[in-house]
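Please have the structure open as you read along.

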Amino acid sequence: MSKSEPVAIGVSNLSHTFGDFPALNNVSLDVRPGELLALLGPSGSGKTTLLRAIAGLARPDSGVISFQGADAEGLSLRDRRVGFVFQQYALFRHMTVADNIGFGLRVRPRRRRPTRAAIASRVAELLALVQLDGLGSRFPDQLSGGQRQRVALARALAIEPQVLLLDEPFGALDAKVRKELRQWLRGLHKETGLTTIFVTHDQEEAMELADRVVIMREGRVEQVGTPAEIYDAPATPFVCDFLGHAFRFSVAVQGGSARVLGADVATKLADGPALAYVRSHDVAVAPVEANGVAARLLALRGSGASLALEFALPGLSAPVEVLCPRVNVAGEDFVVGADYVLTARAAHIFPAP
Amino acid sequence: MRIASSVTGESALVKYLLIGLALIWLAGFLLLPLIVVFVEALRQGVGAYLTALVHDDALAAMRLTLLVSAIAVPANLVFGLVASWSIAKFRFRGRNFLITIIDIPFSVSPVISGLVFVLLFGAQGVFGAFLVSQKIQIIFAVPGIVLATIFVTFPFVARQLIPLMQAQGIDEEEAALSLGASGFRTFCLVTLPNIKWALFYGVLLCNARAMGEFGAVSVVSGHIRGLTNTMPLHVEILYNEYNFVAAFATASLLALLALVTLGLKTLLERRGGRDVKI
């Protein structure tokens, strides 16, 4: 990222340990104004700790966080104007939905506090925005998970935050509601234009929703980029493996290319041993007469729109799973126990460790 | 064929036998003594009952009991809140130790609790010489009674709050702070409403024990009529003097306190059960 681009939130050299466990290890990140950024990683990768540090809920051991270029060190939780949506929503259970949403306005110092009527009309606006009109007098335990999530969002938006932070926003919801809310959140982001950061361990969610994705692992940033960038050009084997199931081969690079699963793949690596990662759906399966690597079909599973074929490859201890769209294989009869030929359509090559 | 009365398959006979036994047990050990207290108190009529209650020494004992619980209960309310807040919301060294020592008054005989204060503050005690030189009297005086009562009753509020606060976590407090509320407003608007029923409940139990405490108070009080006699001590003195009507009249007030406590407790559990989800 070039230096001239504006930065809404700057994170530089942030480190944080819990006891002996390094939750954040020298993390630096620039968040652009108005973007929807995903922090993606497996559990324990430090993504939630980073989000909480930005919000001011966690005090990092070292490093600097800045808002609009100004150091946030001295800013308390209250002064950061950060809208934080908690993983379990953390709605105030003894208050109605309307009181929950209006909370941030009611607790302002008297000088800046809106009138009762102004708060009520703002709450009504927000209820409409999150499509919960008419539910203002309900209590949180009378709402569904998806509705609670939207109340939490409206409550965070009420304080007119300069940035919206969401911790695993869809973690506690079932698959269908999750999908609907995802699209709705995308629309809301477009409407409000608010700089938004959300944490997720679901790569599909991150890729579908975010403008840019930050992949984290063991307290470090592995790669930052648009979903297409990180998918097409993973910077590390970890990123490659994390975004879509991949299997690994030891290969030899010679003259700018390596032979991976019956195909020649170009690489900038120097000659020598290397590791090639092939994603499950980047493998072509053909009858045994074709060119490629022979493999025996061990098992066959149908899952929705695609078929999962499990092959035993000579020289690999674990079976290899290949995904093909169901339409491509219709009419073909795969026979478990028969031999086929596999060819890599694409591969990512990394230096051998 | 008869269908068994429940899935576990006891016959109706076993069921009624068990229920009957439980009821007889309760009646014999709990209800009967309660009835006896009131019957004995009213044995010589309402006039004698009321005369016994308005006797100077009886009134002094009531005043002292009210005074002691008026100090001990608020003190333990504050202590209980602080202790359970720290235990439930912070992680620190010695946290488990704190949880353990809160329970000491439950596990130690009240007589020992009283004795500890005598050993600390009595004329021959650790601070005895200093207290005598400053002309401060703690043992065989009201301060000693208050201290012993605070000691004996201090787990009640904390014990009610700790599990509830631990279950609730700190998410709501964090949310309130991130929405711009001050620490004090967060406490008043978020923390307190979430624990109010458990808090009432703890205070209620704490008060019942504070007013009824005998052992610890007996050791430090010195039994000076009209000065350091609380109601339970007053009952004992009257009883030892064979003044049964007066003894049971005072005892009936304590029994009444127990009944009111029980009633309020039931009410609170009903309210609390609805409002507070643990």
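I call two residues in contact when they have heavy atoms within 4.5 Å. This is a predicted model, and I kept its rules: local features need pLDDT of at least 70, side-chain atom pairs count only at pLDDT 80 or more, and totals for chains, interfaces and linings use all residues. Side-chain values use heavy atoms, with hydrogens and water left out, residues are numbered from 1 along each chain as its sequence is written, and chains are lettered from A and ligands numbered from 1 in the order in which they are written.

**Entry 1: B:Phe156**

I looked up what B:Phe156 touches, leaving aside neighbours within four places in sequence, and found B:Phe106, B:Gly202, B:Leu205, B:Cys206 and B:Arg209. For B:Cys206, 50 residues away along the chain, the C-alpha atom is 5.4 Å from that of B:Phe156. B:Phe156 belongs to helix H9 (residues 155-168) of chain B; helices (H or I, at least four residues) and strands (E, at least two) are DSSP runs, numbered from the N terminus. Is B:Phe156 buried or exposed? Its relative accessibility is 12%, so I noted B:Phe156 as buried (under 20% relative accessible area; exposed is over 50%, partly exposed in between, with a 1.4 Å probe and protein chains only).

**Entry 2: Chain B overall**

I counted 14 helices and zero strands in chain B. Its C-alpha atoms fill a box of roughly 70 × 55 × 30 Å along the principal axes. Of its 278 residues, 40% count as buried. Among contacts in chain B with a separation of 6 or more, 72% come from residues 24 or more positions apart.

**Entry 3: Aromatic pairs**

My rule pairs rings of Phe, Tyr and Trp (its six-membered ring) if their centres lie within 6.5 Å; planes under 30 degrees apart are stacked, over 60 edge-to-face, and the rest tilted. By this rule I get 18 aromatic pairs over all chains. B:Phe117 and B:Phe121 have ring centres 6.2 Å apart and planes at 20°, so I logged that pair as stacked. Why are B:Phe117 and B:Phe121 about one helical turn apart? They are four residues apart in helix H6 (residues 110-121) of chain B, which accounts for that separation. Both B:Phe117 and B:Phe121 are buried.

B:Tyr239 and B:Phe248 have ring centres 6.5 Å apart and planes at 85°, so this pair is edge-to-face. B:Tyr239 is partly exposed at 43% relative accessible area, whereas B:Phe248, at 18%, counts as buried. I also noted one aromatic cluster formed by B:Phe79, B:Phe117, B:Phe121, B:Phe127, B:Phe151 and B:Phe154.

**Entry 4: Charges over rings**

I count a charge as over a ring if NZ of Lys or CZ of Arg is within 6 Å of the ring centre and within 35 degrees of the ring normal. The charged end of B:Lys89 sits over the ring of B:Trp85, 5.2 Å from its centre. In chain A, the charged end of A:Arg279 sits over the ring of A:Tyr231, 4.1 Å from the ring centre.
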